[in-house]
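I opened a new notebook page for this structure. My plan is to look up a few places and write down what I find.

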Amino acid sequence: MSQQASPDAVSSANFKPKGGIQDTLFQRRSIRRYRAETVPHELIEAVLEAAIWAPSAHNRQPWRFAVVETQAQKEQLAQAMGARLRRDLQADGLSPELIEADAGRSYSRITNAPVVIVLCLSMVDMDVYTDEKRSQNEYLMAVQSVAMAGQNILLAAHDVGLSACWMCAPLFCPDVVKDALNLHEDWQPQALLTMGYAAETREKTRKPLEASVTWR
Ligand SMILES: Cc1cc2nc3c(=O)[nH]c(=O)nc-3n(C[C@H](O)[C@H](O)[C@H](O)COP(=O)(O)O)c2cc1C
């Protein structure tokens, strides 16, 4: 029998972070608004260095990162993604007001972020199989590895005083992102991470631990 828990329930009420990695793990939050301050290039590199120390399937490191720093490039990317979003929402039958609100929100989030990192996946170094099942598993391992690199970025950013947020939008328009940034043929956009110095604070809860764990 599955146990249902409210997503708003507070998890681990007795847990007290102990500093170091515990603070990083528990205090990181997804931050969507940033101050206009520029992020030093070395800090971006430090965060990306942490990303490539993520574990990966067969240590093949299928992650690729497109760092978008210039305003012109951010605007071009946001416009291209916005055009696709509008088209998709029109096909869903949404009202023009809702479409504009959604597209406007997406545009602002990308263009107002000091740094945008497009997290990509490349299959070039992964194993190749002749059957569909193992090919799919190999692809999933690459996705899992890239996600781990993404998590390292979120944690490392927090650790150096930055904030970040994962946006899934590129998954819905990988071709558009690839074209806008003129990415290498084998780079498959998976996500977009905005990053900068926080201009907001956020609080989150988690379902209680027992909602997600089975002990055997
Ligand atoms: C795979 C994935 C996709 C996400 N996509 C989005 C997104 O498109 N837009 C957004 O604002 N946040 C997105 N998030 C952030 C989540 O909303 C956030 O992690 C969650 O609400 C928990 O909040 P916290 O990160 O502050 O703990 C995504 C997170 C993950 C892991």
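Predicted model: local features only at pLDDT ≥ 70, side-chain atom pairs only at ≥ 80, totals over all residues.

**Entry 1: the ligand**

I began with C168. One of its backbone N or O atoms lies 3.0 Å from an oxygen atom of the ligand. I then checked R29, where a side-chain N or O atom is 2.9 Å from a ligand oxygen. At W166 I found a polar backbone atom 3.2 Å from a nitrogen atom of the ligand. How much of the ligand's accessible area does the protein cover? I read 63% of the 620 Å² that the ligand has on its own.

Next I listed the surroundings. Among the residues around the ligand are R28, S30, R32, R109, C165, M167, K204 and R206. I sorted the shell by type and got six charged residues, four nonpolar and one polar. Which element gives the largest share of this shell? I found strand β3, residues 163-167, with three residues.

**Entry 2: helix α2**

I moved to α2, residues 41-51, and looked for what is buried. I44, V47, L48 and A51 are. Why do I put these four on the same side of α2? They cover an arc of only 100° around the axis. As a reminder to myself, an α-helix has 3.6 residues a turn, so residues three or four places apart point the same way. On the face turned away from the buried side I see E42 and E45, both exposed. I then asked what the buried residues of α2 pack against. My list reads β1 (63-68), β2 (115-121), α5 (132-159) and β4 (188-196).

**Entry 3: G150**

I picked G150 in helix α5. Buried or exposed? I count G150 as buried, because its relative accessibility is 0%. G150 and A51 are 99 residues apart in sequence, but I get 6.6 Å between their C-alpha atoms. Leaving out residues up to four places away in sequence, I find G150 touching L119, W166 and L193.

**Entry 4: the loop between α2 and β1**

I looked at S56, which sits in this loop. S56 is buried, with a relative accessible area of 16%. A polar atom of the S56 side chain lies 3.0 Å from the backbone nitrogen of Q61. Beyond its neighbours within four places in sequence, I note contacts of S56 with Q61, P62, W63 and S145.

I stayed in the loop for H58 and N59. Most residues other than glycine have a negative phi. H58 has a positive phi of about 55°, and I read a phi near 55° for N59. H58 is partly exposed at 38% relative accessible area. N59 counts as exposed, because its relative accessibility is 52% and the cut-off is over 50%.

**Entry 5: helix α6**

My last stop was α6, residues 174-181. Which of its residues are buried? I wrote down V176, V177, K178, A180 and L181. Their cover includes β1, α3 (71-92), β2 and β4. Just after α6 I noted N182, with a positive phi of about 50°.

Conventions: Residues numbered from 1 in each chain as written. Heavy atoms only, no water. Near = heavy atom within 4 Å. Polar contact = N/O pair within 3.5 Å; in protein donor to acceptor, adjacent residues only side chain to side chain. Areas by Shrake-Rupley, 256 points an atom, 1.4 Å probe, with all protein chains shown as cover. Helix = DSSP H or I, 4+ residues; strand = E, 2+ residues; numbered from the N terminus. Nonpolar A, V, L, I, M, F, W, Y, C, P; charged D, E, K, R; others polar. Buried < 20%, exposed > 50% of the residue type's maximum accessible area, 1.4 Å probe, protein only. Arc of directions from axis to C-beta. Contact = heavy atoms within 4.5 Å.
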